[in-house]
Amino acid sequence: MFKWYNGSYIAGLLFQIKQGFDPKKKKNLPNRLYLADLEVTAKDVYIKKDFANKTAETLDTSGLAQMQARQEKIKTAETLDTSGLAQMRHNLYKTNLDTNKDTNKDTSMLDFSSINFSQNVLQKQNQDIVANASEFLVSNGNSGKIPLEAETIKLISLWSANDPKKMEKMIGIIFNAKKASETFITQQTGKPTTIFLDNYEDLQHDITVSLRRTFNAIRNKQDKKQKVNPENYIFGAMRNTFEVWYSEYLQSLS
């Protein structure tokens with residue numbers, strides 16, 4: 001049988017305490033609900049304990065932990081006998097977890113940095129990259145690749161001394177020159193200008209011819225011990241190529 005205190009039980013599961021009228025707030029306070037404190041045995045006999053010493057406060061973490069413990073006892077009493085099935089199930093779960101514990105560990109991380117290869121292997125890798133650059137760098141209408149003709153890449157590869165970094169630098173100089181030319185043309189014409197290399201095969205060919213001429217001129221100067229900055233020389237030659245081409249392009253439209 002359930003006893004009544006300063007409140008009432010709802011369906012035998014909840015304990016309700018009436019707060020009444022608060023003269024300071026000048027309103028009725030909402031009732032407080034608490035889970036009933038149930039004692040359960042294997043025969044499903046529910047005994048209501050005395051709530052006299054309980055305070056009218058919400059359950060804290062320790063109270064929730066006790067509730068969970070009681071629920072576990074109920075589940076055990078209803079579904080398990082004394083044959084030790086609970087312990088067997090616990091061990092089974094433990095075994096499965098132990099078996100799969102290290103399954104997802106990564107045993108080998110890929111690291112292609114230069115320090116992981118011998119000089120001989122690095123030289124072969126660089127030779128392969130440079131020799132085949134025209135195949136994997138050229139656009140051919142595919143997005144994400146460099147919009148230069150294969151002949152341009154082959155020429156840069158030939159003059160890069162099997163060094164992919166030098167090849168990358170020379171390609172970067174070409175596109176820096178392109179950007180500088182677009183800015184200059186925009187200032188001169190008053191119209192925003194962007195040159196899309198994919199659309200102009202003649203311009204791509206002009207770049208190849210200009211590069212070949214530029215590389216040869218730089219070599220001649222260096223062989224004669226003349227001072228020359230190759231990067232600046234290539235940049236200036238490329239700017240001239242873009243701007244001369246664009247001037248001729250505008251004339252062809254008129």
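This tour moves from the whole chain of a predicted model to its largest nonpolar core and then to one residue, T214.

**The whole chain**

Eight helices and seven strands are present in the protein chain. Next, display the surface: the protein chain exposes about 18,800 Å², and carbon and sulfur atoms supply 52% of that area. Of the 254 residues, 25% are buried. Among contacts in the protein chain with a separation of 6 or more, 47% are between residues 24 or more positions apart.

**The largest nonpolar core**

Now select I174, I195, I207, L211, I234, M238 and F242. These residues touch the most other members of the largest nonpolar core, which has 27 residues. The largest share, seven residues, comes from α6.

Centre the view on I174 and display its side chain. Leaving aside neighbours within four places in sequence, I174 is in contact with L148, I156, I207, L211, M238 and F242.

**Helix α7 and T214**

Move to helix α7, which covers residues 201-223, and select T214 within this helix. Is T214 buried or exposed? T214 has a relative accessible area of 5% and is therefore buried, the cut-off for a buried residue being under 20%.

Conventions:
Residues are numbered from 1 along each chain as its sequence is written. This is a predicted model: local features need pLDDT of at least 70, side-chain atom pairs count only at pLDDT 80 or more; totals for chains, interfaces and linings use all residues. Side-chain values use heavy atoms; hydrogens and water are left out. Helices (H or I, at least four residues) and strands (E, at least two) are DSSP runs, numbered from the N terminus. Buried means under 20% relative accessible area, exposed over 50%, partly exposed in between (1.4 Å probe, protein chains only). Contact means heavy atoms within 4.5 Å. Accessible areas come from the Shrake-Rupley method with a 1.4 Å probe; for residues, only the protein chains shown count as cover. A nonpolar core is a set of buried Ala, Val, Leu, Ile, Met, Phe, Trp, Tyr and Cys residues joined through side-chain atoms within 4.5 Å.
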